Amino acid sequence: MVSSADFSQRNYACADMVRIDCESASELAILLEIWEGGGVVQTSFPIAAGSPIAIAVEKTQVTAEVTKCEPDHDFGYLIDIDVTAPTKWFPEAYVPAWHSPEIESALTVGDFVCRSPGYPPVARQAQAWQPQ
């Protein structure tokens, strides 16, 4: 999908909503981290290691196997998954929108500055960071 980017063997933060379907339940979950062939999903219920699941995100649906499930200290459970058909996963069939080269190149450090009253709007142009 994104031929100019090299995503091999790297983990990326994601924060996309996905639908998780397994034998015991179905719900919307958060895809917290993604890499070629896998990811970490946060759910409200545990799913045992070795369990098959289906994941739907955007127009992509894949099957995966749970490799680890552990309680999250803040909410629910963190589920590590291995996707059974990586060619239908990241980065060939699904790339989070903000990982596209167009969006990454348009973002600057200023895009993440607090926008509270009294702060001027941040210009959306590439700027080198300068220590003060």
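Guide: A residue is called buried when its relative accessible area is under 20%, exposed when it is over 50%, and partly exposed in between, using a 1.4 Å probe and protein chains only. This is a predicted model, in which local features need pLDDT of at least 70 and side-chain atom pairs count only at pLDDT 80 or more, while totals for chains, interfaces and linings use all residues. Residues are numbered from 1 along each chain as its sequence is written, and side-chain values use heavy atoms, with hydrogens and water left out.

Visitor: Is Ala15 buried or exposed?
Guide: Ala15 belongs to strand β1. Its phi is positive, about 65 degrees, although the residue is not a glycine. Its relative accessible area is 59%, so by the cut-off of over 50% Ala15 is exposed.

Visitor: Where is Glu58 found?
Guide: Glu58 also has a positive phi, about 50 degrees, without being a glycine. With 60% relative accessibility, Glu58 is exposed. The place of Glu58 is the loop between β4 and β5.

Visitor: What pattern does the protein follow when read along the sequence?
Guide: Helices (H or I, at least four residues) and strands (E, at least two) are DSSP runs, numbered from the N terminus. There are one helix and six strands in the protein. In sequence order, they give β-β-β-β-β-β-α.

Visitor: In what order do the six strands of the closed barrel run?
Guide: In general, strands of a sheet pair through backbone hydrogen bonds, either parallel or antiparallel. Two strands count as a pair if DSSP finds at least two bridges between them. Here the pairing is antiparallel, and the closed barrel runs β1-β2-β3-β6-β5-β4.

Visitor: By how many degrees are neighbouring strands of this sheet turned against each other on average?
Guide: The angle is taken between axes, which are lines fitted to C-alpha atoms (for helices over the stretch in contact); angles run from 0 to 180 degrees between N-to-C directions. For this sheet, direction is ignored, and the average turn is 45 degrees.

Visitor: Which element gives the largest share of the core?
Guide: A nonpolar core is a set of buried Ala, Val, Leu, Ile, Met, Phe, Trp, Tyr and Cys residues joined through side-chain atoms within 4.5 Å. The largest one has 24 residues, and those with the most contacts inside it are Ile53, Ile55 and Trp89. Two or more residues each come from β1 (12-21), β2 (26-35), β4 (52-57), β5 (60-71) and β6 (77-83). The largest share, four residues, is given by β1.

Visitor: What percentage of the 132 residues count as buried?
Guide: In soluble globular proteins, nonpolar side chains tend to be buried together. For this protein of 132 residues, the share that counts as buried is 36%.

Visitor: How many disulfides does the structure hold?
Guide: A disulfide is a pair of cysteine sulfur atoms within 2.5 Å. Cys14 is buried, at 3% relative accessibility, and Cys22 is buried too, at 16%. The number of disulfides in the structure is zero.

Visitor: How far apart in space are Val18 and Gln61, C-alpha to C-alpha?
Guide: Val18 is found in β1 and is buried, with a relative accessible area of 1%. Contact means heavy atoms within 4.5 Å; leaving out residues up to four places away in sequence, Val18 touches residues including Leu28, Val41 and Ile55. Val18 and Gln61 are 43 residues apart in sequence, and their C-alpha distance is 9.6 Å.

Visitor: Which residue forms an aromatic pair with Trp89?
Guide: Rings of Phe, Tyr and Trp (its six-membered ring) pair if their centres lie within 6.5 Å; planes under 30 degrees apart count as stacked, over 60 as edge-to-face and the rest as tilted. The whole structure has two aromatic pairs. In one of them the centres are 5.9 Å apart and the planes make 40 degrees, a tilted pair of Trp89 and Tyr94.

Visitor: What is the relative accessibility of Asp80?
Guide: Asp80 lies in strand β6. Not counting residues up to four places away in sequence, Asp80 touches Gly39, Val40, Glu65, Val66, Thr67 and Lys68. Asp80 counts as buried, because its relative accessibility is 17%.
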